[in-house]
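Here are some short notes for a colleague opening this entry for the first time. Please read them alongside the structure.

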Amino acid sequence: MRKRATVATGLLLTGLVAGCGGTRTLVQTVTVSPSPAQALRASADQRFYGRIKSLERKGDRYELRFDPAWLVTGVTANVAQAEDQGTHCVPSACPPVANDSYVIEGTRPLTFVVPANARGTVLGTGGSNGFRSRTITAAQLAELVAGTSSLKLFEPLSSGVWILVHVDTVRAFAQQYRP
C-alpha cells in the first residue's frame with residue numbers, strides 16, 4: 001500500500017510539473033531611437049516663463065515681445081531671494097520664500113512669432129474655487145494684452161505666462177497661477 005501511495009504521488013507530481021511547464025514568460029527589451037528629424041524637432045523645443053510686454057498683429061501672425069524670467073523653487077529660490085536681499089546664508093538654512101517659488105527677472109525682452117491659430121490657457125473668473133482655466137486664441141490673448149478684452153481674468157497676466165516655443169514660434173501659452 002505504501003509503495004502504491006509513493007508511486008501515485010510521484011505520478012501526480014510529474015503530471016503537475018509537466019502541466020506547469022507548458023507556459024513560459026518571455027521578456028523582450030526593444031530600444032527605439034528617434035529619427036534624426038524627430039531628435040532635431042525635440043531639441044528645438046523650449047519652454048520659457050516670463051511676462052508679455054506686447055503682442056501685435058503683423059500680417060497673418062502676431063509678434064510677441066516677451067520678457068523671460070526664471071521661476072525657481074526650493075533651495076534655488078531661497079538662496080536667490082536671500083542674495084537679492086543682500087543676505088548671506090548657508091543654502092540649506094536660507095529662509096524659505098513665500099508660496100514656494102521665486103522669480104528671477106530677465107534683462108532683455110525677446111521676440112517670438114505667434115501663429116494666428118496658436119491657442120493657450122488663461123485663468124478666467126468663475127468655478128468653485130473662484131477661477132477656471134479657459135482656452136483662448138492668439139487674437140484673444142492680444143486683446144487681453146492690449147486691455148481691450150471683455151474676458152475677466154482671475155489675476156492679471158503679469159502673474160506670468162509659460163510659452164512653448166519651437167525654434168522661434170510660439171506653439172502654446174499658459175498663464176501661471178501665483179497665489
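The points below take up a disulfide, a cavity and some aromatic pairs.

1. Keep in mind that this is a predicted model.

2. Start with the cysteines. One disulfide turns up in a search of the whole structure. Its partners are Cys89 and Cys94, with an S to S distance of 1.8 Å. The torsion about the S-S bond of Cys89 and Cys94 is about 95 degrees, so this disulfide is right-handed. Both Cys89 and Cys94 are buried.

3. Next, the cavity. The structure has one cavity of 30 Å³ or more. The volume of the largest cavity is about 40 Å³. Its lining consists of Ile52, Leu55, Leu64, Val114, Leu141, Ile163, Val170 and Phe173. That makes eight nonpolar residues, no polar and no charged. Strand 1 (45–58) and strand 8 (169–175) each give at least two residues to this lining.

4. Now the rings. The count is six aromatic pairs. One of them is Tyr49 with Trp162, a tilted pair at 5.2 Å centre to centre, with 55 degrees between the planes. Tyr49 sits in strand 1 and Trp162 in strand 7 (residues 161–166), so the pair ties together parts 113 residues apart in sequence. Tyr49 counts as buried because its relative accessibility is 2%, under 20%. Trp162, at 31%, counts as partly exposed.

5. Phe66 and Phe112 form an edge-to-face pair: 6.3 Å centre to centre, 75 degrees between the planes. Phe66 lies in strand 2 (residues 61–73) and Phe112 in strand 4 (residues 110–115), 46 residues apart. Phe66 and Phe112 are both buried. Together with Phe48, Phe66 and Phe112 form one aromatic cluster.

Notes. Residues numbered from 1 in each chain as written. Predicted model: local features only at pLDDT ≥ 70, side-chain atom pairs only at ≥ 80, totals over all residues. Heavy atoms only, no water. Disulfide = S-S within 2.5 Å. Buried < 20%, exposed > 50% of the residue type's maximum accessible area, 1.4 Å probe, protein only. 1 Å grid on protein atoms, 1.4 Å probe; cavity = no way out; pocket = protein on both sides within 12 Å on 5 of 7 lines; lining within 4 Å. Points joined across faces, edges and corners; volume = space filled by probe spheres on them. Helix = DSSP H or I, 4+ residues; strand = E, 2+ residues; numbered from the N terminus. Nonpolar A, V, L, I, M, F, W, Y, C, P; charged D, E, K, R; others polar. Phe/Tyr/Trp six-rings, centres within 6.5 Å; stacked < 30°, edge-to-face > 60°.
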